[in-house]
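I opened my notebook today to look at rings and their neighbours. Here is what I looked up, entry by entry.

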Amino acid sequence: MIEGFLVLSDAASTDVATGKINVLGAGWSVTGPAVSMAAVTGFLRIPWEEVGQKICFVVRLQDEEGQPVRPFAEEDGTLSFSGEFAPDIDQAEPMARRVPLNVSFAIPIPPLPLTAGHVYEWILAANDVEVASVSFVVRAEAPTTGARGEKTGEACRSSSIVE
């Protein structure tokens, strides 16, 4: 059975020569309220009995109700990325076959117009089976302040210590 996991970061790129992922600012789960550029990094662990077969994967974004996200316009498609690969079993060293084959990828994500105060989830599926997910929340807008710095609609309260 293929295993997977996802990591959110500020930026990530794949070193094509080694297959390693270079990641900056990894491991966050809170962003916004203005959502900046980010990256979704995926890792798949493939058992050797499945190496050599074509593996299709999809990474998709859904909202807290499980609905696909269409961040730019309702008529646009859902936000998802897909690919396929067939690891070559003949290229593996005999020693490497003692552990699952690791395949990794990085997907740069542009700033998205997501709704503040909502939770979103990236889902990774391999061969139509969900193998990983990672959730994040977009901060709500900060309360506005009046000219003197107090929150609008609230009176400032002060307290004093009397001995």
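I started with Ala96, and found it in the loop between S7 and strand S8 (101-109). This is a predicted model, so I keep that in mind for each entry. I looked up the accessibility of Ala96 next: at 31% it counts as partly exposed, because buried would need a value under 20% and exposed one over 50%.

Then I checked Ala96 against Trp48. The two are 48 residues apart in sequence, and their C-alpha atoms are 9.7 Å apart in space.

Trp48 made me curious about charges. Which residue lies over the face of Trp48? I found Arg97 there, at 5.4 Å from the ring centre.

On to ring pairs. I noted 6 aromatic pairs in the structure. One of them joins Trp28 and Phe136, edge-to-face, with 5.8 Å from centre to centre and 80 degrees between the planes. I placed Trp28 in the loop between strand S3 (21-24) and strand S4 (30-31), and Phe136 in strand S10 (residues 129-138), so this pair ties together parts that are 108 residues apart in sequence. Both Trp28 and Phe136 are buried.

Another pair I looked up is Phe57 with Phe85, which is tilted: the centres are 6.1 Å apart and the planes make 50 degrees. Phe57 belongs to strand S6 (residues 55-63) and Phe85 to strand S7 (residues 80-85), so here the parts tied together are 28 residues apart in sequence. Phe57 has 12% relative accessibility, so I put it down as buried.

My last entry goes back to Trp28: ring pairs link Trp28, Tyr120 and Phe136 into a cluster.

Definitions and conventions. Residues numbered from 1 in each chain as written. Predicted model: local features only at pLDDT ≥ 70, side-chain atom pairs only at ≥ 80, totals over all residues. Heavy atoms only, no water. Phe/Tyr/Trp six-rings, centres within 6.5 Å; stacked < 30°, edge-to-face > 60°. Helix = DSSP H or I, 4+ residues; strand = E, 2+ residues; numbered from the N terminus. Buried < 20%, exposed > 50% of the residue type's maximum accessible area, 1.4 Å probe, protein only. Lys NZ or Arg CZ within 6 Å of the ring centre and 35° of its normal.
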